[in-house]
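This briefing is intended for a reader who is new to the structure shown below.

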Amino acid sequence: MAQTLNGEFVRRNGMELPLNGKQIGAWGLIVYFLLFHFGILSPNFSDRWRPAVLLTVGAMFVVHVVCFIACTVIDPADDLVRYDMVRPLTIDRTKRKHVIFNNNCYFCQVKVSPRAKHCSACNKCVKDFDHHCVWMNTCIGGITYKRFFLCILFGTMASICEAVCCLYQFIRIFEDDSALNEEITMFGRTAHRHSLAAFDAVSFALAAFAIYLFGDLLLFHVHLVWNRIGTYDFIKAKREKAKRKEEEEE
């Protein structure tokens, strides 16, 4: 856990304590799907289908995980942000309405880039701020946004492919086992086909849940990229629109 000279909390990246529940849940799902895909799902396909399932879907998972880790560990702070200094603990809103005024951050005590924003959760200014991601427990900014987009893109693709593979294998277990390996195994040990079916069913449900999360997020960010705006800009415009509507109704 990073601290300023006066002991105030500042988060450099998503791996610093304290962690949050959604971040722990995300890592739990990542570990589960990696173990399931390489230790249970792929080995039980026939020789004909195993390489495609193992390598193609596996590669999607690997790219997703690498991008997830990169976004989590990279510090997205503005270039001039320092951690070895005394910072103000509070701000008097009657004297200063905005934390950043004329590109000068009140808390970071430095001049920041025009599109920087001070994140209250991380307590630092983030360059080209987009949003604070609770799943990664850190901010997404200019330096990490492309990795973040690739993360949700390959996460969506991998989840869809995994769900299809789980459903296909589940059906084949009870209808036609020609597409399966002759001996059902889990992490190299012989297992009952009903156990494999149970893992397929649970993993299909989890993959469907991941598709919902990733898909919704991916569509939203495709919309943002297409319109050349960021998440913060979108939220800010939405708030201003709602405020104008309230004023017109009054």
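Val134, Trp135, Phe209, Tyr212 and Leu213 make a nonpolar surface patch of about 470 Å². The model is a predicted one, in which local features need pLDDT of at least 70 and side-chain atom pairs count only at pLDDT 80 or more, while totals for chains, interfaces and linings use all residues. Residues are numbered from 1 along each chain as its sequence is written, and side-chain values use heavy atoms, with hydrogens and water left out.

**Surface patch**

- Patches are made of residues with over 30% relative accessible area and no salt bridge; like charges are joined within 9 Å, and nonpolar side chains (Val, Leu, Ile, Met, Phe, Trp, Tyr) within 5 Å.
- Accessible areas come from the Shrake-Rupley method with a 1.4 Å probe, and for residues only the protein chains shown count as cover.
- Phe209, one of the patch residues, is found in helix 4 (residues 193-226); helices (H or I, at least four residues) and strands (E, at least two) are DSSP runs, numbered from the N terminus.
- Phe209 counts as partly exposed because its relative accessibility is 42%; buried means under 20% relative accessible area, exposed over 50%, and partly exposed in between (1.4 Å probe, protein chains only).

**Aromatic rings**

- The whole structure holds 10 aromatic pairs, where rings of Phe, Tyr and Trp (its six-membered ring) pair if their centres lie within 6.5 Å; planes under 30 degrees apart count as stacked, over 60 as edge-to-face and the rest as tilted.
- Among them is the stacked pair of Phe33 and Phe61, with 6.1 Å centre to centre and 20° between the planes.
- Phe33 lies in helix 1 (residues 21-41) and Phe61 in helix 2 (residues 50-73), so this pair ties together parts that are 28 residues apart in sequence.
- Phe33 is buried at 8% relative accessibility, and Phe61 is buried with a relative accessible area of 8%.
- Phe170 and Phe174 form an edge-to-face pair, at 5.3 Å centre to centre and 65° between the planes.
- Because Phe170 and Phe174 are 4 residues apart in helix 3, about one helical turn separates them.
- Phe170 is partly exposed, with a relative accessible area of 31%.
- One aromatic cluster is formed by Tyr32, Phe33, Phe36 and Phe61.
- The charged end of Lys117 sits over the ring of Phe129, 5.1 Å from its centre; a charge sits over a ring if NZ of Lys or CZ of Arg is within 6 Å of the ring centre and within 35 degrees of the ring normal.

**Salt bridges**

- A search of the whole structure finds 6 salt bridges, a salt bridge being a side-chain nitrogen of Lys or Arg within 4 Å of a carboxyl oxygen of Asp or Glu.
- Lys124 and Asp75 meet through their side chains in a salt bridge of 2.6 Å, N to O.
- Lys124 lies in strand 6 and Asp75 in the loop between helix 2 and strand 3, so the pair ties together parts that are 49 residues apart in sequence.
- Lys124 is buried, with a relative accessible area of 0%, whereas Asp75 is partly exposed at 26%.
- The side chain of Arg115 meets that of Asp128 in a salt bridge (3.9 Å, N to O).
- Arg115 also meets Asp233 in a salt bridge (3.1 Å, N to O).
- This pair links distant parts of the chain, 118 residues apart: Arg115 in the loop between strand 4 and strand 5, and Asp233 in helix 5 (residues 231-249).

**Backbone features**

- Most residues other than glycine have a negative phi, and most peptide bonds are trans.
- The peptide bond from Leu17 to Pro18 is cis, with omega near 0°, and Pro18 lies in the loop between strand 2 (9-10) and helix 1.
- Asn103 has a positive phi, near 65°, and is placed in the loop between strand 3 (100-101) and strand 4 (104-105).
- Asn123 has a positive phi of about 60° although it is not a glycine, and its place is in the loop between strand 5 (117-119) and strand 6 (124-126).
- Asn103 is partly exposed at 27% relative accessibility, whereas Asn123 is buried with a relative accessible area of 9%.
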